[in-house]
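Please work through the following exercises with the sequence and the 3D view at hand, and try each task before reading its solution.

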Amino acid sequence: MEEDRRYRFLLEMGVPSLFLEGGRWRCFLAPSRSSLSQALHNSCCRKKSTAPKKMISDVTFCDENAEEPENAVDKHFSSEQQASILHVLNTASTEELEAFRLLRGRRSINIIKHRQNFGPFQNLESLMNVPLFQYKNIVQVCNSILCSKTGGDKRKLPENRFLRKLLKPDIERERLKAANSIVSIVSGTRRIAWAHLDRKLTVLDWQQSDRWRSMKETTYSSSVYLEEISSIISKMPKADFYVLEKRALSIQNSSMFPILLHFQIVEAMLYALLNKTFAQDGQHQVLSMHRNAVGKHFELMIGDFRTSGKELVKQFLSDSVLKADPRVFFPSDKIVHYRQMFLSSEPRRVEELYDSLLQAVAFYELAVFDSEP
């Protein structure tokens, strides 16, 4: 027992001891705590030295103050990315810099002070001269600035996703916001109607055509469609965009197939005949707008069904006369004509006429102005 205690004591003190191994006595040196830590450190270093070489951005540095190769930071980014990052660093205020998580606190203040004392940053490497900035965190900061711009684009996705659901084909909102006037077109099985509105929601033209023989043609003759649609288009005014109503008809109901085919033919011909410059510039002037989206905008939907917009159009006509700032403006020289046209259409429930006006208003409010009235 006494020898065992003495043996353990010698081991703890790091004194060489003897132990039996394979029938032979060997000398064993018990490591001290400090030597054990050193051994572990050396073991880690040996493991790192045998690891495959990686790109400089992936290396973990033991010494944060170690000098880096010249322009090491700049080499991580393209010239366009460098220009974008430098623009932020040289123009952003303290509050704007603190919007980046890695620049909050003293770092943003130090950037401003450095700009005031030494002028704008000429390259990303010059960030090494700013207190609290070292090689590793400079790369992280630069990446965060670039990613924040990508994040900004992602925040716009919901808006773009809504626009893609509202209109087909896809179109840039900048083009929509620059529109000065549009022609909204709604076709039915018996007639086709259109409304011409400018960006002040002034009704410049609003009418319909009852010449519609195509549905009576059992063969759906292309020549008949071409003649009738060409005649109708010749009466339409010129505009920046032509907006067509897109109906949601199911092809599962076979009895609806002739009507669905009719709408598809009309839409295709309107696209072809009104997109006059598409072959030259590839820019769409004809867009399709979902009918139910217009119904939801004006709260005309009951479940999946859309109710008549007649009363809403009637209110627009009255407000144009009674209110100083109406939602839709009818010029005084045309208001009488439009009211008579509306009253004459009431017994026949000319929904195409009402819908063409509502679609034009919804297009401006949803796609151009991007705001609820």
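**Exercise 1.** Over the ring of which residue does the charged end of Arg107 sit?

*Solution.* The model is a predicted one. In it, the charged end of Arg107 is placed over the ring of Phe133, at 5.7 Å from the ring centre. A charge counts as sitting over a ring if CZ of Arg is within 6 Å of the ring centre and within 35 degrees of the ring normal.

**Exercise 2.** Classify the aromatic pair formed by Phe342 and Tyr354, and then the pair formed by Phe363 and Tyr364.

*Solution.* A pair of aromatic rings is described by the distance of the centres and the angle of the planes. For Phe342 and Tyr354 the centres are 5.6 Å apart and the planes make 55°, and the pair is tilted. Phe342 belongs to helix α14 (residues 332-345) and Tyr354 to helix α15 (residues 351-368), 12 residues apart. Both Phe342 and Tyr354 are buried. For Phe363 and Tyr364 the centres lie 6.1 Å apart with the planes at 80°, so this pair is edge-to-face. Phe363 counts as buried because its relative accessibility is 0%, and Tyr364 is buried with a relative accessible area of 0%.

Definitions and conventions: Residues numbered from 1 in each chain as written. Predicted model: local features only at pLDDT ≥ 70, side-chain atom pairs only at ≥ 80, totals over all residues. Heavy atoms only, no water. Phe/Tyr/Trp six-rings, centres within 6.5 Å; stacked < 30°, edge-to-face > 60°. Helix = DSSP H or I, 4+ residues; strand = E, 2+ residues; numbered from the N terminus. Buried < 20%, exposed > 50% of the residue type's maximum accessible area, 1.4 Å probe, protein only.
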